[in-house]
Every structure is written in structure tokens, then in C-alpha cells.
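I opened a notebook on this model and went through it one topic at a time. The entries follow in the order in which I looked things up.

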Amino acid sequence: MGFYLAQFLTGLASASSLFLVASGLSIIFGVTRIVNFAHGSFFMLGAYLAYTFVNILPHGVLGFWGAIIVASLLVGVIGVFLEITLFRRIYKAPELFQLVATFGVVLVIQDLALWIWGAEDLFGPRAPGLGGAVRILGEPIPQYDLLLIVLGPAVLLAVWLLFNKTRWGTLVRAATQDREMVSALGVNQSWLFTSVFFVGSTLAGLGGAIQLPREAANLLMDLNVIGEAFVVVVIGGMGSVPGAFLASVLIGELNAFGILIFPEITLVLAFLVMAVVLVVRPWGLLGKPDAVLRGADGPPEQPLKPFTATSKYLVWALAAALLATPAIADEFVLVLLSDILIFTLFAVSLHFIMGPGGLVSFGHAAYFGLGAYGAALAVKYLGVDMISGLVVAPIAAGLGALVFGWFCVRLSGVYLAMLTLAAAQITWSVAFQWQDVTGGDDGILGIWPAEWASEKMAYYYLTLALVGASVYVIRRIVYAPFGYALRAGRDSQLRVEAIGINLKSQQWMAFVITGIFAGIAGGLYVYSKGSIFPDELHIARSVDGLIMVLLGGIQSLIGPIVGAVSFTMLEDLVTRLDYWRIIFGGVILFIVVIAPEGLAGFARKILPESLTGKKNEGVQI
Amino acid sequence: MSLLDVTNLCKSFGGVRAVNDVNFSLEKGEMLALIGPNGAGKTTCFNMLNGQLKADRGSVSFQGQELLGMNPRDIWRLGIGRTFQITATFASMTVRENVQMALISHHRKVFSLWNRATNSYAQEANSLLQQVGMEHQADRACGVLAYGDLKRLELAIALAHGPQLLLMDEPTAGMAPQERITLMELVASIAKSSNVSVLFTEHDMDVVFAHSDRLMVLNRGEIIATGTADEIRSNEVVKEVYLGGGSTFDTGEKEKTSA
Ligand SMILES: Nc1ncnc2c1ncn2[C@@H]1O[C@H](COP(=O)(O)OP(=O)(O)OP(=O)(O)O)[C@@H](O)[C@H]1O
Ligand SMILES: [Mg+2]
């Protein structure tokens, strides 16, 4: 009995710190509609800054809590700085831009933290006077946990009072419902948003700071916490603070008891719960239906054009160049080119669901990874040859997409994006935790191509052939009735249903198609590297895909190709540098703010008509 | 049996009875106008007829088949086309492609993965566009069309599957007066030539009186009068509703283009 109580209390204590992060995220989302990946970075900064101030300020109770408060407030100020310099510019941008921009911030902050605090884990002191444990029903419960258990509800109360008993809170709630109304009230809306950012990031900072006595400050905290925070926010209902509290407790307890019952799948549990909640209650436990879905603002996409004669020549010239490259290039170049080709297919398949499909997928790595793991597992357990492995890859990914897609197409907008993310995290967790089968963190090694393809040049040609064919097929599908029906559904759901098209099944099928092609990319990848690790399924990989699509420009079919090529080359260039993330993040932010139509869109504006086939009519993109 | 029989149709939003016990029927080839002041419940009626909105009660029978409970796409397949008060078209396609989309769906080709959509049913699309006078703009992006042209495009889309019944919610809203007459003449001639029944709402009384076989007046969710143009014109209750309600029988500037 005592043991279960102890477990229950541990669950509540973790729920509290989770709640602090998640409530901040939820508040910021509720008002600004930004899905902020950088919120995890705020959490991490809170922990690091608390570490610094604990060491600067005099030791003792006052010094310790002083450090925690100063650290949280400082994170709040950092949040304000980012809001003013960056987020403010992207409130009206499509979700994809916002997400990628906030991920750029994650990268920059990671490197800044590395630069300031170094790569070592930093252990904070115990809270003065709370280092011991009290016995409850014979079980030792850390005093600090008890404090956290109280802190969660206390913060919930404080936030509730702030939102319901102050004029500021009234305005913020009004802004959550209707942005225009608040500006009509004559309130300076931008400062309202800024103040919301301050509150939200301060809460994240506090969450990180109070975590210090329990967990060493480290550079992985940001992405580790953001996944769970998303889950909590989505389960609770985006924008709902009480919902976030309820969901934190749910997830905290689920983890505390789940570890007793299914130690292997604790990581999956949270995401499974989220998927179930979203299917039953698409707006979370206490959320409200999101009536207004904000698609891509701005002028509508141009109608599809067939290749012009000039662009056809260019395509053939490019194909010839790619075929001829092995004659002049060395192995390194061929390996880099193979990588570029593989990620081109990855990006093109992602673009298919996001561009024509209009469905923002935050978890495309799932299908890439399912393809790679599918092939790797088939080799490991069935000993299949390479050709069969490359056949298994798209099948595995396609089946995964069939299952995940069924759930996802029931939702739309941000919730859909979150569910795709959850799907990816589920596959990642399985790959990571199901050690007996997948090898866990150690991955699966020794997946080499068949004899005839083992030369770098041969594998390059194989890759070129498969990627070329796949991209061609995807292009055909986009121009075929299926692709048109998908675009049609994106443009006007009302109209497609009124001309007899079942949009959901159209979108479901699109998920399967995109999964199959991402799976081919994954299969090619695993044979080119000879191994596969759970990292390939991680959020970062999904975001890579998003960045490629964004880099190239979402409104053009050439976009993802341009994006994948420039991304992979840029990555190859900068990852050799020490602080590559900051450069990379900087590039991302630059593009989001300066060239939001992407490289291809940018080029389209300046290239002659013979290439783009555009007519100068009406609004140009 | 009429083509369409609506009985005891009801719909409330919260406490508001948007449509209250509406009964009417529509004959083959008939042009029936549903008029009434803003907020009378006309669009709500349409939305229930084409399955977009669940009715609270009542029955809608189309050639003997019950429509309530069916979804919009299945109702469309029975041969009922619809245009919207605020046009719903595919902005990222050309005018012709918009019509082709409806044709592709009609021929059940939406899962076709290989042929070019732009080459599918292009002739049929062209002749539909010709019918509504949009053939010259067939290759323009739908996103840059003038509002009146969008309305005509919607008509072409709605005609694509050779419907027996057209539901047109304010087909001429946002058009210049002369354009309205032309468009409604067009609708009337199509209705005559292909024996299509049309149920439409309209604020422009010139249009209504000129082009409807019969009129129904809806006020606060209830039908308060049914009859020919002359009967409605001289109906005291109707005059009361329109004059008392702030709307008038003449139109022009009072027109409202958005819901
Ligand atoms: N989704 C909804 N939720 C709540 N109330 C609604 C909804 N749709 C319509 N209503 C209400 O039902 C009533 C009828 O609206 P409806 O749109 O059917 O009127 P209408 O006759 O089409 O008016 P208009 O001439 O302005 O188009 C109005 O009072 C409206 O406010
Ligand atoms: Mg209406």
C-alpha cells in the first residue's frame, strides 16, 4: 500500500513540473496560435540559469529560491526578446513557418547553451532544508517532491487568478477568442501578446529551474521535454490551463504506474493516450473546437502548369549530368549525392501531403524510419536479400501510414499536426525502448547492399534510378485526378463534399502514398549507411523534412527538390563546424523572415517565363 | 409524387428556431423561389436539403428517397447540384479544371493516379463553360476571377453531373443588376431545356418575379405565404414582413453579399 502511495506521489511531483512547462506552452498557443518548439529551450535555459545563479548568490534558503526566481524571470525576458524580434513577424504565417522558425530558435539556443555552459551535465545542489525524506506509510518520500506536489496546484491557482480576476486576464481571454475584437477595444494588441509570452516563458523557465535538484542540467532537456509538453497540451485542450493540469496529472501518474506494469513501453504510453483522446475528443479534454482554421494566408496557389519546353530540356540535362557524374566524381561526392537523392525523395513525399494535400505533417520521420527499420528487421530476422529489403521498406511504411493516417484524417489543423507528431514519437519510442527486437539505442548494424550494388557507384545508380522513378510517379499523381481531388479538398472542403468526393478517404490514401515513398527513401538510406538508429525517427528528422520543404517553397513542386538539395549540402558543409546549429538556425530564421516563399518561390519571381510557364496575371506568389 | 417533398422540416440553433415546420414540394422542371428577409432561415433550409446540416425533425424526400441522414456527397450523386451563397470553388485551379473536377468525380475517377486531370473530360467541361458564358476564361486561374464570374462558374460546376434538381443560394449576389437578369435568364433557359427543377433564394425581387414559377416567403423560419408572383405581390402579410422588417421589394443597394 505504502509503495503505491509513494509511486502516486512521485507521479504527482513529476506532473507539477510538467504542468509548469505545458501551461506556459498552452497559454502562448491559446493567444498567439504559435506552436512553439522553443518552449523546451526555455525550460532548458531555466535549469542552466538556475545553476548559474545558485552558484553566484549566497548559499542558503534565500539564495537558492532567489536563484530560481531570478532564473525564471530572466527566461521570461528572453521570451519577450524573442517575441519582439521574431515571433511577432510570423503570427500570420502558416503553421509550418512558425514551427520551423521556432525550431530554428531551438538550434540557436542549443549552441548558445553549449558555448556558455559546456557539454558536461551540470548537477545542481539540493534545495536547502528540503534535502531529506519524510516517511509516509513507511515509504521515504523526498521532501522536495512534496514541495513540488504543492507547487503545481499553487501555480494553477495563481494562473487562474491572473486570468480571471485581472483586467489583463480578461483581455487575454478575449484575445484567445477573437483577436480582432481586442484591437477593436483599443488595446495595444502587440503588447498584450508580448506580455503573454513573458508569462508563458517565465513558467517554462520556472519548470526548468525547479527541476535542477532532481535532474542535472543538460543539452537534451529541450527536445526531451517538448514532446511530453505537446502531449499534455493537446490532451488537455490547446489553450486550456486547467486542461493542461489535468493532463499533466494523467501523464505523470501514467508514467509512475506504467513503469511498474509495462516497463518497456513507458515512452509510448503518453502518445498512445494522446492518440486515443484526440480520436474520442478531437479538441482535448477541456479544449474548445477550433472554429477558425487558418490555412496559408496570402494569395492562392497558382494552377499547376506542365513543364515548359525549356524546363523539359533542363530536366533532361540534369538527368544526364547525374548519370555522368560517377565518371568524374570521387566516392565522397557519390555518397553525398546519394544522400541528397534520398532526402530529395523524403522531402518530395512530405511535400505531397503538405502541399497538394494541405495536411501539415510534423511526423514524417515515422515513415522514413518505418521503411528503414522494416528493411533492417527483415534482414536481421529473415535474412532477406537487398531487393526484398527494398520491397519490405515501402510496405512497412505504407502499412504504418495506413494505421496512423486513419486516425490523423479525422482531425485538422494543429491537432492533426500534433497527432502526426505523436505517431512519429510512438514509432521512435518503440524503436528506442523495444531493445530485444530493435536493438534500442544501439540500432541495427550490418545492413549492407547486395554484392552487385556494393560499389559506391553501383549503389549511386540504384539510388538514382529509384529516386528518379519515385519522384516521377509522385509528379504524375499530383497531376492526376487523385492529386487534383486532393488539392480541391484543400482549397474548399465544402465544395468537394458537394461534388461527391469523400475527402477523408482521399486524404487517407494520400497518407498511404506519402508513407510508401518515404519508406522507399528509408530503405535506400539504411542500405547506404549499413545501419539504422532510433535517431532517424526523432523529431529532429521530421523537422529536417519540414525545413527542406519550407526552404524550397511549399507552393511549388520543384520546391522540395531545391530544398532537399540545399539543405543536405548546407548540412554537409556546416556540421563539420563546431557551432553548426547556430548557423543552421540562423539560416532558417533568415529564410522564414526574409524569403518566406522559399528558394523556389523566390526564383520563380525572378526567372523568365520560358522556365516557369507563369503568366503575368493577377496576383503573383 | 413531386420531385421533392419537404415535410415538417425543423432546425434550432440553441434557442433560435431557424427553420420551423417547413412544408413544400417542387415539381419537375419548376422554378421555385424561396424569399425572405436576412436571417429568415433560407440558407439553413438549403443546408438541410443537401445534407450539410442535420435536421432536427421532418422529412425530405427526393423521388421517393429520404434525404435526411444522408451526407452531401451521396445526395449529390442522386442528381442534386448546389451553389453556395458565398462561392465555394477551387482557387488554385483554372476555371476549366474546376468543372473537370466535378466531371472526374461524376465519372468516379478521383482515385485515378496516372492520367492527367487536365486532359480528362475537357470537351464536356468546355461545353458546360460555354453554357454559362465562361469559355473565354477557361484557362484563367479561378483565384483571380471577379465575383460574378465565380457565381457563373459555380453554376457550371453544379450542372456538371446533369442534375435533376439545382439548389441555388443567392445565385446572383454580388452581381451588377444587368448581370443578374442575364444569369437568371440563363438558369431559366437551362431549366426549361433540360427539364431541371430549380429551388433558389434571391433578394432581388425583379429577378424573383421574372423568373420563378412559384414563390414561397419564409420569415423567422416559417413559411408565411406561397403562390405565384402576383399573389405574393398583393399579399398583405408579405408586405408587412418586408416593409416592417426594414427590407423592401426593390433591391439594388440593399443586397448583401456575405452571410
Ligand atoms: N451555425 C449556426 N449557429 C447558430 N445560429 C445559426 C447558424 N446558422 C444560422 N443561424 C441562425 O439561424 C437563422 C437563419 O439563418 P440563415 O443563414 O438560414 O438565414 P438566411 O435566410 O439564409 O439569411 P441571409 O439572407 O442573410 O442569407 C439566423 O438567425 C442565424 O443567425
Ligand atoms: Mg443565406
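**Entry 1: salt bridges**

I started with Arg152(B) and Asp149(B), whose side chains meet in a salt bridge at 2.7 Å, N to O. The model is a predicted one, so I take the distance as computed from predicted atoms. Both residues sit in helix α5 of chain B (residues 147–159), and because they are 3 residues apart there, about one helical turn separates them. I looked up Asp149(B) for burial: its relative accessibility is 10%, so Asp149(B) counts as buried.

Elsewhere, I noted a network in chain A: salt bridges with shared partners join Glu301(A), Arg487(A), Arg490(A) and Asp491(A).

I then searched the whole structure and got 20 salt bridges over all chains. One of them pairs Glu83(A) with Arg88(A), at 3.5 Å from N to O. Are the two partners buried or exposed? Glu83(A) is buried, at a relative accessible area of 0%, whereas Arg88(A) is partly exposed at 29%. I also checked Arg541(A) and Glu536(A), which form a salt bridge with their closest N and O atoms 2.6 Å apart. Both Arg541(A) and Glu536(A) are buried.

**Entry 2: the interface of chains A and B**

How many residues of chain B are in contact with chain A? I found 38 residues of chain B in contact with 38 residues of chain A. The area buried between the two chains is about 3,300 Å², and carbon and sulfur atoms give 64% of it. I asked which three residues of chain B supply more of its buried area than any other three. They are Arg73(B), Ser92(B) and Trp114(B), with 21% of the area that chain B buries against chain A.

The rule finds 2 salt bridges across this interface. I wrote down the one between the side chains of Glu154(B) and Arg495(A), at 2.6 Å from N to O.

**Entry 3: the magnesium ion**

Which residues coordinate the magnesium ion (ligand 2)? I found Thr43(B), through OG1, and Gln85(B), through OE1, at 1.8 to 2.1 Å. These two come from distant parts of the chain, 42 residues apart: Thr43(B) is in helix α1 (residues 42–49) of chain B, and Gln85(B) is in the loop between β6 (80–83) and α3 (95–106) of chain B. Thr43(B) counts as partly exposed, at 26% relative accessibility. Gln85(B) counts as buried, at 9%.

**Entry 4: the sheet of 4 strands**

I traced an open sheet of 4 strands in chain B, with the order β2-β1-β4-β5 and antiparallel pairing. Its edge strands are β2 (16–26) and β5, each of which pairs on one side only.

I went through the pairs in turn. β1(B) and β2(B) pair over 7 bridges in the antiparallel sense, and Ser12(B) stands opposite Arg17(B) in β2(B). Strand β1 (residues 4–13) of chain B is joined to strand β4 (residues 57–62) of chain B by 5 bridges, again antiparallel; Val6(B) has Val60(B) as its bridge partner in β4(B). β4(B) pairs with strand β5 (residues 65–66) of chain B over 2 bridges, and Ser61(B) has Glu66(B) as its bridge partner in β5(B). The hairpin of β4(B) and β5(B) has 2 residues between the strands, and Gln63(B) takes a positive phi near 50° there.

I noted that α1(B) lies across β1, β2 and β4 of chain B, at about 120° to β1(B).

**Entry 5: the sheet of 6 strands**

The other open sheet I followed in chain B has 6 strands in the order β6-β7-β8-β3-β9-β10, with mixed pairing. β6 and β10 (222–227) of chain B each have a single partner strand, so one side of each is left without a neighbour in the sheet. Neighbouring strands of this sheet are turned by 15° against each other on average, direction ignored.

Strand β3 (residues 31–35) of chain B runs parallel to strand β8 (residues 197–201) of chain B, and 4 bridges join them. Met31(B) has Val198(B) as its bridge partner in β8(B). Strand β9 (residues 214–219) of chain B and β10(B) pair in the antiparallel sense over 5 bridges. They form a hairpin with 2 residues between them, and Arg220(B) in the turn has a positive phi of about 45°.

Helix α6 (residues 177–194) of chain B lies across β3, β7 (165–169) and β8 of chain B, at about 140° to β3(B).

Note on methods:
Residues are numbered from 1 along each chain as its sequence is written. Chains are lettered from A and ligands numbered from 1 in the order in which they are written. This is a predicted model: local features need pLDDT of at least 70, side-chain atom pairs count only at pLDDT 80 or more; totals for chains, interfaces and linings use all residues. Side-chain values use heavy atoms; hydrogens and water are left out. Donors are N, O and S atoms within 2.8 Å of the metal (3.2 Å for Na, K and Ca); water is not among the atoms, so sites may look incomplete. Buried means under 20% relative accessible area, exposed over 50%, partly exposed in between (1.4 Å probe, protein chains only). Two strands pair if DSSP finds at least two bridges between them. Contact means heavy atoms within 4.5 Å. Axes are lines fitted to C-alpha atoms, for helices over the stretch in contact, and angles run from 0 to 180 degrees between N-to-C directions. Buried area is the accessible area (1.4 Å probe) that two parts lose on being put together, summed over both. A salt bridge is a side-chain nitrogen of Lys or Arg within 4 Å of a carboxyl oxygen of Asp or Glu.
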